[in-house]
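I will jot down each thing I look up as I go.

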Amino acid sequence: MLRRGVTKSNKILQTCCRYMATRSETDSFGPIDVPAEKYYGAQTARSAMNFKIGGPTERMPVPLIRAFGQLKQACAIVNMKYGLDKTVGDTIVKATDELIKGDLDDHFPLVIWQTGSGTQSNMNVNEVISNRSIEMLGGEIGSKTPVHPNDHVNKGQSSNDTFPTAMHIAVAQECHTCLLPGLKVLHKALKEKADEFADIIKIGRTHTQDATPLTLGQEFSGYVTQMEYAIDRVNDALPRVYQLAIGGTAVGTGLNTYKGYSEDVAAVLSEKTKLPFVSAPNKFEALAAHDAMVELSGALNTISCSIMKIANDIRFLGSGPRCGLGELSLPENEPGSSIMPGKINPTQCEAITMVAAQVMGNHVAVTVGGSNGHFELNVFKPMMVANVLRSTRLLGDSCVSFSKNCVEGIVANRDTIDRLLNESLMLVTALNPHIGYDNATKIAKKAHKDGTTLLQSALALELLTEEQFKEWVRPEIMLGPK
């Protein structure tokens, strides 16, 4: 019989919690219970207790945790050169192999919203590696022996230099594995369409109003160049991202390290990741400012502006199918309405423009974070790296989705394009060199007022002959300089 107000499910939950296995671990504040099945220790448990903000969706990004594993492994390898016990060092390397592969992801519960230096997440990594190493060596988890989280895993390091180093490693790798490949896919898809549409003459539009002609290929060539520059912008920002703060320790002086330590760690990381990581030439800048993150985020912000323009153009040119511009037909991927039968929407354009808006917002946060380097330490690190990583992933993924599910399947509606071209009053611009701007204006305004063609208006005003009009007003000769 259950007490009043206590459901059966609540009773089961209470029983499970009562008998949940824990172990006691200690930090400088004293003992604290830690779930027995987890490798993390006291500082992680205390942070989880103090920062209950956002829940699981707000946890430290997985790429950052994996980057931490790569960093700790490199440090262990180098520390063995400077006296770290080989058994301890080799075991740390084995434990970090598991972390890097993702086998230990469940042992990192901390959220972004914690200390601005990321100290608790650095200790989360140290504790997990320490306890896993202890387990491998047959010791007692939580005993801090024979592998201590601070003395061994964190040897020659501080949260103040490890966290920004992991930031740079994670972001650089995401740029190479997700962002740049995605940008290149979109660049290629747009280039193929620009080539395909090279001979299709259409009316141009400025201020959303009719303008002079160009080819659809020329219009798309603008998008191609925007994406070419997008790739260049990322590559231009990456050299500063490759500079690592490791070796700066607490305030940038390198206290408790050895000469050559930072260069050695960067060399190991470069060898293992196949990326050109180097020791930052000035560790004070590397700890106190994260201008490299702001710079890269600025590039992502610019790319988002490009993508917003490209996707909006494509969706407006594809508006219709009966009552819009209708110059393009976009792929029909899914039903577009729960009430209007047969409706199809430009959903890929909508998705990627939402991504662009989010990246712009992320950049605002990164900008504020980057401006808050107080004295020897920036304390907005977790928020900054989370936003930059999110932006790189969103842009990379959405560029691939937009390319595969929209751009590659775009079809030019030649009949509609021809009709709109020949109805445009702005073809009159070709007459400027022959009859002057003022007379050409009279033709255009009369045609618009009377609802006639430019030719009919020109003949009515007796400003030129039919033969002259047909010789001078030819869209195919209005596509570039004479």
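I started with the contacts of Ser 47. Setting aside neighbours within four places in sequence, I find Ser 47 in contact with Leu 110 and Gln 120. I am working from a predicted model here. Ser 47 belongs to helix H2, which covers residues 42-50. Is Ser 47 buried or exposed? I read a relative accessibility of 4%, so Ser 47 counts as buried.

Next I looked at Ile 201. I find this residue in strand E3, residues 201-206. Ile 201 and Leu 190 are eleven residues apart in sequence, and 18 Å separates their C-alpha atoms.

Then I turned to the cysteines. How many disulfides does the count come to? I get zero. I wanted the reason, so I went through the sulfur distances, keeping in mind that a disulfide needs two cysteine sulfur atoms within 2.5 Å. For Cys 406, the closest cysteine sulfur is in Cys 349, at 4.3 Å. That is too far for a bond. For Cys 323, the closest cysteine sulfur is also in Cys 349, but at 19 Å. That too is too far for a bond. I noted the accessibility of both residues. Cys 406 has 3% relative accessibility and therefore counts as buried. Cys 323 has a relative accessible area of 80%, so I put it down as exposed.

My last entry is a helix pair. I took H11, residues 291-317, and H12, residues 347-370. The two pack at an angle of about 155°, and their axes are 8 Å apart. How do H11 and H12 run, roughly parallel or roughly antiparallel? Angles over 145 degrees count as roughly antiparallel, so that is how I recorded H11 and H12. The crossing of H11 past H12 is left-handed. I sorted the residues of this contact by class. I have 15 nonpolar, eight polar and two charged residues.

Notes
Residues numbered from 1 in each chain as written. Predicted model: local features only at pLDDT ≥ 70, side-chain atom pairs only at ≥ 80, totals over all residues. Heavy atoms only, no water. Axes fitted to C-alpha atoms, helices over the stretch in contact; angles between N-to-C directions. Helix = DSSP H or I, 4+ residues; strand = E, 2+ residues; numbered from the N terminus. Parallel < 35°, antiparallel > 145°, perpendicular 65-115°, else oblique. Left-handed = near helix turned anticlockwise from the far one by under 90°. Nonpolar A, V, L, I, M, F, W, Y, C, P; charged D, E, K, R; others polar. Buried < 20%, exposed > 50% of the residue type's maximum accessible area, 1.4 Å probe, protein only. Contact = heavy atoms within 4.5 Å.
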